[in-house]
Amino acid sequence: MVWVYIFSYVLVHGQDAKVGGTIRGTVKGPSGNTIEAAHVIVNDTLASFTTEDGSFVFEDLMPGTYKLTASFIGFKPGEQLAEIKSNSHISLQFILEEAAITLNEVAISGKSEARALRESVATVQVLEVKDLYTQSVNTSDILKQISGVNVRQSGGFGSNAEIYINGMSGKQVKLFLDGIPLSYFGSGLGLNVLPIHIMKQIEVYKGVVPVHLGADALGGAINVLPRKEYHNYLDASYSIGSFNSHKGNLNGQFVNRKKQFFLGLNSFYNHSDNNYKVDIEIPNEFGNPEPATVERFHDQFSNYLINVQAGLFEKSYADRLTISARVSGLDDQLQHNAIMAQPYGEVSYRESTRGASLEYEKQDLLPHVDLKWYIGLNNTIGNFIDTTLNAYTWDGKVFRRRTDGGEISASRNLLELESDNTISRLNIQYGPWDAGNFTLNVFSSGFKRVGYDPIAAEFYGQDYYTYPTKLSKHAVGASYHHNFSAELQSYTALKYFAYDASGYAIQNLEFQPNEQQVTNYGYSQSFRYQINDHWLTKASYEYATRLPDEVELFGDFTLIRPNPFLEPEQSHNINIGGQLNTEKWTIDINGFYRISENIIWLRTSQFFAQYQNLLKASIRGFDLEARYRPFHFLRLKINATLQDIRNRSPKNITGSVDNRYFNARLPNIPYLFGNAEVRYQKDDFLQSNSTLSAWWSAGYVHEFYLFWAVDGNRDLKNAIPSQFIQNLGISYSDDDNRFSVTLESFNVLDEKAFDNFNVQRPGRSFNLTLRTYLKK
């Protein structure tokens, strides 16, 4: 740990030790949210701007009395006095009050960046995550708290996660990291394992997806914005928890403001044995199944990231120019099949990714023209191992020996896959007048994968995996945002999509090659109207197209079989909603209606899963979220979602003997769920600028059927039961978040938890998190 101490000392102190007194503090709004870029002045001579977390610092101040003034547009200035003695350190906190001001007849009030986006023309939920840095949560845990969003995982930490937004699910919902598709970065950076410490905020778009995200999405998107701070800091945390879970994060940055240069590091390592208890059946000595409760024995998961970036900022030729290099990967043991009916004892998958990228940003590159450009490449090597002839029972014992075949595949596999990915995104914004601006976004990606499997080659007579699979995708979007008045805004967009895919499937021991070239388009129109100071309403329509991706087309060669014959899916999406924003209350309500065709859905069986086209479906429903802050120290939140997804394909299209499935609710999809949270925060607890936080959160999902509700006896049908899962946590951070300790309990009442049929999720667990955050 010596190197960590040296690194932190250099970042925080620089080469020369500082002398004299220090004043540091934070600037917040009336609701407790920190304010970035607030102006802080000392005695009308020294000045600084607050950083992303609302903090400021003045060092080497001589003994005396100082007057500090904090200000930000839309807020009343705040003043405080501080008396400095030799080598003293003083912490202050400014709470600014909102103040409406008038500029050219337009009323402006102080709003955070997140609130401004939430009140924009987009139907979007925005979650600032800096208050969660002290917790041991992943992105999937956070998303479950957002109205209209449901996350289903197939096990414990690291298991596959499927996200639902207003009835759309899986690949219909696109995931982005700063506007770049998350799938490009490899499985080691999946949303189910992405730590919050590298994020600034999470944006959840419902319905219309803005063109700057630059990819096809059918009914929603999630964009994770990373931290981009121009100050020295070191952020390190370690979490230990149940099921031998360990999470370590080390993030830091050195900034030379004179040379306008920065060097940063983002890294993490996570591991869990996932050996929580499950209720299953084990054959007795006569081969008859008997109920038992055992620990999962082959479900370890680890993933890691090391990302180094260097760049320049605030140059005449670039606002930000960044070069990044990274390595990431995972090691995943597979415990069971899709419905947890068959345990595996030796199957595993490992993956490692190496990548590099270049990012360029410049405002006013030409008059009224802003440009952003990202280009990157990745190389990923994956190893799927399924060679054993052993058949295991849930207690980890070998039940029998097979004569052929692996635990998953008929051929057995010792498979190595190598994938190359390239990606480019060019974003140009042009604002010829104050009332509106144009956006052009051009996105292109390329994917190529080849493999090698000597065991499968012996089984099939040749190594089919040496045949390459290729996929190139292109998306071009153009939009115009117009302010008709201070109350009325509109957003109009056109999108063009194309892809060229070549691949194969192995079905009934036959090699089936396939090639596809597809082009399609989409368009959308959105409006937002501010009724008064507190109420606003939104409405949007979108014709959306989504192209199948490489996993849907070519499989993952573990539990997902390839289907290179998939067709793109289309959807007509309508959203109508409203917002109430007051000092204490925030209420969002959103109604949605979708008609979707050629829906790509994951069909599961006992041994494997495969993506297939469903013909036509309708989706309608609403989600509601209310947030209430009766006191500065107390925040309450509750949300609920009701969605009704119906089959709209008649019998002459589906091939059914009658129309009993027409207008039937689609199975295996939750239709009623919600969340609640109570959070208490006490500032200046035990010492100045320290914080004590405590919270309770809960999630509810109503029972839903695995198969069609119109088939069979309802009392005997397989169902995912209703569940109400509760969590508790408490956290303490000292002066300016330099050190914090957090204790959490998930599923505190040890309820049986299921996201998918028969697939049990962890019971009660505990986590202890320690974090240090040093900055200058």
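**Strand pairing and a buried lysine**

The structure described here is a predicted model.

- Strand E44 (residues 723–733) and strand E45 (residues 739–746) are antiparallel and are paired through 6 bridges.
- Together, E44 and E45 make a hairpin, with 5 residues lying between the two strands.
- Within the turn of this hairpin, Asp736 has a positive phi of about 60°.
- Strand E45 is also joined to strand E48 (residues 765–775), in an antiparallel arrangement with 8 bridges.
- Across this second pairing, Arg771 in E48 is the residue opposite Ser740.

**An open sheet of three strands**

- The strands of an open sheet follow the order E11-E12-E13, and their pairing is antiparallel.
- Its edge strands are E11 (149–153) and E13 (168–169), each of which pairs on one side only.
- Strand E12 (residues 161–165) is connected to E13 by 2 bridges in the antiparallel sense.
- Tyr164 has Ser169, in E13, as its bridge partner.

- Lys28 belongs to strand E1, which comprises residues 21–28.
- Lys28 is buried, yet it has no salt bridge.
- Leaving aside neighbours within four places in sequence, the contacts of Lys28 include Asn33, Thr34, Ile35, Phe94, Gln681 and Asp683.

Key:
Residues numbered from 1 in each chain as written. Predicted model: local features only at pLDDT ≥ 70, side-chain atom pairs only at ≥ 80, totals over all residues. Heavy atoms only, no water. Pairing = 2+ DSSP bridges. Helix = DSSP H or I, 4+ residues; strand = E, 2+ residues; numbered from the N terminus. Buried < 20%, exposed > 50% of the residue type's maximum accessible area, 1.4 Å probe, protein only. Lys, Arg positive; Asp, Glu negative; His and termini not counted. Salt bridge = Lys/Arg side-chain N within 4 Å of Asp/Glu carboxyl O. Contact = heavy atoms within 4.5 Å.
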